[in-house]
Amino acid sequence: MPVDDGGDRFADAIRLLLLIAATADSLDELAMRAAPTNAVAVIHAESRLQKLDFWLRNPDYLADELLNDYERQPDPLLLDLAGRILDSEEPEICAIPMVRYLFGAFEHLDRALSVLVAPRLLVVSSQRGASGQVIKDSYYLTQKGRDVAEHATAQFPELAWYTERAVLVRALAEATGHTALALRKRQYLQRDYAQTPLGAIIPSIADRTRERLGCLRVAALGGNAA
């Protein structure tokens, strides 16, 4: 059994808190009635959280999706955002690999989430079926959780990277669809992702994506010259 590394668990908890704070959906008046006390936003379904976390943990895949969007609608901002990631060592330094399972990238998050649940920065609510099995978990960000996320990035500016990238992740998710299934289908369109054997680490695509960025930049310059 692997040793529980408290440092890694705390780092994972901070990443998840900043991710949830940036990507969770605000609660309308109706949703507030069913939400835990002091909840301000929610992400429904663990599988959706896993898919969002994959893009945050793998900047090369995030950049490649930005290039996909650029090819569909050539907005120079998308090319610039992908370039900011790929022109740096971010895909190598910031990557936290994930393992591919049957339904895509996955990692057990319980220990990291427990760091957030204990002080009620996050409340996990489980919906159960008739036989008692968990059908869906919902992750509610509390006002205290939002305050801690904002305070952490103000006190430690290096953490702002997570929020900046999580904003891009949210934009991708909104353009893809709000369900975990929609996100999974999009991620499985990535050849390297889809072809990763079950139980193996999903490989980096940084080199290939940098080559693709270079080709798109050349094509963009050619278009401008014309």
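Colleague: Before we start, what should I know about numbering and cut-offs?
Modeller: Residues are numbered from 1 along each chain as its sequence is written, and side-chain values use heavy atoms, with hydrogens and water left out. Since it's a predicted model, local features need pLDDT of at least 70, totals for chains, interfaces and linings use all residues, and side-chain atom pairs count only at pLDDT 80 or more.

Colleague: How do H4 and H5 run relative to each other, roughly parallel or roughly antiparallel?
Modeller: Helices here are DSSP runs (H or I, at least four residues) and strands are too (E, at least two), numbered from the N terminus. The axes of H4 (residues 59–72) and H5 (residues 76–86) come within 9 Å and cross at roughly 160°; axes are lines fitted to C-alpha atoms, for helices over the stretch in contact, with angles from 0 to 180 degrees between N-to-C directions. Angles over 145 degrees count as roughly antiparallel, under 35 as roughly parallel, 65 to 115 as roughly perpendicular and the rest as oblique. So H4 and H5 are roughly antiparallel.

Colleague: Which charged residue sits among those where H4 meets H5?
Modeller: Contact means heavy atoms within 4.5 Å, and H4 brings residues including Leu 62, Leu 66 and Asp 69 to meet H5. The contact divides into 13 nonpolar, no polar and one charged. Asp, Glu, Lys and Arg count as charged, Ala, Val, Leu, Ile, Met, Phe, Trp, Tyr, Cys and Pro as nonpolar, and the others, Gly among them, as polar.

Colleague: How many charged residues are in the contact of H3 with H10?
Modeller: The axes of H3 (residues 46–57) and H10 (residues 180–188) come within 8 Å, crossing at roughly 35°. Arg 48 and Lys 51 of H3 are among the contact residues, as are Arg 184 and Arg 186 of H10. Next to five nonpolar and two polar residues, the charged count is four.
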